[in-house]
Amino acid sequence: MARLVTGLETDVATPIAEAPPALELRGIDKWFGPVHANNGVSFAVPRGSIHGIIGENGAGKSTLMSIVYGYYQADAGQILVNGTAVKITGPQNALSHGIGMVHQHFMLVEPFTVLENVILGAETGRILAPSLERARAELERLERDYSLEVNPDATIETLAVGLRQRVEILKALYRGADILILDEPTGVLTPQEVDQLFDILRALRDQGKTVILITHKLREIMALTDNVTVMRQGEVVANVKTAETSREKLAELMVGRSVLLRVEKTVATPGAEVLAVQDISVRDGQGVRRVKGVSFDVRAGEILGIAGVAGNGQSELLEALAGIRPIESGTIRFKGTEIDAAHMRNARQMRELGMGHVPEDRQRMGLVVSFQANESSILGHQDNPKYTGAILMRQSAIVADVAEKMERFDVRPSNPLLRTSAFSGGNQQKIVLVREMDQNPDLLLVGQPTRGVDIGAIEFIHKRLIAMRDQGKAILLVSVELDEILSLSDRIIVMFDGGIVGEVSQAEADERKLGLMMAGERLGAAA
Amino acid sequence: MEEFFTMIVLIADATLRVSTPLILAALAGLYAERSGVVDIALEGKLLGAAFAAATVAAVTHSAWLGLAAGITFAVALAMIHAYACVTHKGDQVVSGMAINILVAGLGPTLALAWFRQGGQTPRVEGGARFHPWSWPGAEAVADIPVIGPIYFEIISGHNMFVYIAVLCVPLTAWVIYKTRFGLRLRAVGESPEAVDTAGISVDWMRYQALIVTGILCGIGGTYLSIAQNAGFLRNMSAGQGFIALAALIFGKWRPWPTMFACFLFAFTDAVQTRLQGVDIPGIGIIPVQFIQALPFALTVILLAGFVGKAVAPRASGIPYIKER
């Protein structure tokens, strides 16, 4: 592979007119039972470009890419690689056509070294040693060409998430991928890691590789791609040059109506202190101290955002405040009630004191997904006389009550008898939200309110949270989505490695500053 | 002093003999569990192979046909396990237990129907049985102090199977760590989704692993009935499949440590046979039942207290179902 002459700033994104596109889809159709997951999907990806595919959850992006990578066979339609129609029967086959995939959940064997992961399934013979040697030489070359530095002898479990993703990219390149598909690659990365990833992807493009980026984040599409395909309900609704569109236009295309990307809100008027946390430490299930002497307070009528990369103690902090996880030391004062290691309150007692909790992982902690929606909707309140008699549950009262709530929060379909798992992510989240908000708590703990939730529902959820704040309630928001933290919070604290790196007000916060803090850098003006 | 030395040599000799089926079964379990299939049916496969080997050897008077039958039957049992757990994603513990129960009843029942000897097979002798190998010069050097007895008792004079079992350990270590099959085997037990996306069939890898498991159990079971003993007896595996499983955990799913764990269990067994009826100063004669329980008590104590954090292959016991 020849390196391009540096210093020549040619626009490599523009394909040579007669070269066939690296990948072209023509009329791809796929049904899952009654669901039309892909409906006549057609578009072309020019060689040497970065192509974005954007759409909400369930728009059919992942199904489409699974077809391209050979997990599924399309019911109809054609796939062309470099102008030739091909039939892709499986991942191995896709690779032989030069198509590689970086999955959202990394497909790595954790106790293995980088080298072993790279050769798995692409060994040169029955004995490992020659394969490993060859891979080591090849990795060195790839590192040089694309600045993809990774220690080939490190085991995966010792690597940070950003590095693991590099291993995934190396795996695909080692197998000779010319077309690289990345499925939601930035969900678990810090902003700095995202920048590094984008640099790598640009380097790949500049050397003639074709990159396909699947995402629901508009910012990434605008920052990185040359062209973008917008999907909605299984169909392609637009195919545009990124330079000729805007975030607002793309959002409108995705949702099918105009969407407010920036949440409208007034300046907060914080009132009395509702929650004061003093120097608390919390251990996780394995006994590892995950929260290390954290102090902050939350006032009525404000939203305090806790930013940070996932796994820096936010989850344990939230669970400790909700009464689910014991605190090791320190005190929590909630509306005048002192709570410490010797005087713990459980989740029910916290709720009775006036705390609502929307857990981070709604499917595991917020809902019982195999229950009917009406049963999930009364979890934690099942003893309320409104719902239960002396012995039997008041089934019809519950259903009627939940139906009313679903109507109010626009849960679709608004059928309380449906299994919880039958609802989409956004609608499940609304079921949890309405349950917690309807108790009229003085403090609402909210973890990852819009994880896996589509744009339309995000807008709705954000509006509800702001409205609750405006009623003078306190909200503690934990989110790994910087955009969400920035647009909702009145004050922001950043957690790193179990401690608070610093606090900034909404006015002085920006992405770069928070990004640095999320990587553990203390900025001078920590409050 | 001399007497003590002789006792040590004899215990070492017994340890080797007793550890043979344990090592074979533990390595069999290693292949299965490293591929992500929990196999509590090691016991059943040992017993089944012992029955099949003794029956065929008794009828054909050929030890080698007996071995072939033992291996075939154990592989067949392993394939039942694979069909239930890999193809149909069934519960691995339930399937394993079912095989154990099936074999425990089937062996004696068939033996009773065919041979009318109270659920045993007829005694196998001569060419129907595997005999110890005497190494060259063993008799000649036997009287040389120290080296003589070591060569005569420990190195020489064992059954072929003892050597096979010990040789299987480096072989397994090599296969697991140095070959493509081994890499894929370890990967499929840790992260089947990574193996699947690399274009390798998870199910086929697990089938292959279970075939190896069957072969090793078949050899181990054959040793029990037509090498160590001279015929099939009801429940003659006597929990060794489970002790092998314990040794595998104690050895943290690695070949060499697993072998040493097997030696340890075999050693306590060899010691317990020696301790039976011995008057220990200050304690007196310990009832036989207590001494016989020693290996099992050791199993519990070691597994509960001394193993530390034994981290099983991550996907062990979990059927692989594609999520997409």
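Domain bounds here come from an automatic or database domain assignment. For chain A, that assignment gives domain 1 as 23-107 + 175-253 and domain 2 as 273-518. The model is a predicted one: local features need pLDDT of at least 70 and side-chain atom pairs count only at pLDDT 80 or more, while totals for chains, interfaces and linings use all residues. Residues are numbered from 1 along each chain as its sequence is written, and chains are lettered from A and ligands numbered from 1 in the order in which they are written.

The centres of domain 1 and domain 2 of chain A, taken over C-alpha atoms, are 34 Å apart. Between them, 8 residues of domain 1 of chain A are in contact with 11 residues of domain 2 of chain A; two residues are in contact if their C-beta atoms, placed from the backbone, lie within 7 Å. The side of domain 1 of chain A that touches domain 2 of chain A has 3 nonpolar, 4 polar and 1 charged residues. In this classification Ala, Val, Leu, Ile, Met, Phe, Trp, Tyr, Cys and Pro count as nonpolar, Asp, Glu, Lys and Arg as charged, and the others, Gly among them, as polar.

Helices (H or I, at least four residues) and strands (E, at least two) are DSSP runs, numbered from the N terminus. Two strands pair if DSSP finds at least two bridges between them. Strands β9 (residues 227-232) and β10 (residues 235-241) of chain A run antiparallel and are joined by 6 bridges. Asn227(A) stands opposite Lys241(A) of β10(A). The two strands form a hairpin with 2 residues between them, and Gln233(A) in the turn has a positive phi of about 50 degrees.

An open sheet of 6 strands in chain A has mixed pairing and the order β16-β17-β18-β13-β19-β20. Its edge strands, β16 (355-358) and β20 (499-505) of chain A, each pair on one side only. Within the sheet, β13 (residues 303-307) and β19 (residues 491-496) of chain A run parallel, joined by 4 bridges. Ala307(A) has Val494(A) in β19(A) as its bridge partner. Helix α9 (residues 314-321) of chain A packs on the sheet, touching β13, β17 (443-447), β18 (474-478) and β19 of chain A, and its direction makes about 150 degrees with that of β17(A). Axes are lines fitted to C-alpha atoms, for helices over the stretch in contact, and angles run from 0 to 180 degrees between N-to-C directions.

Chain B has 15 residues in contact with 21 residues of chain A. On this side of chain B, the largest share, 5 residues, comes from α8(B).
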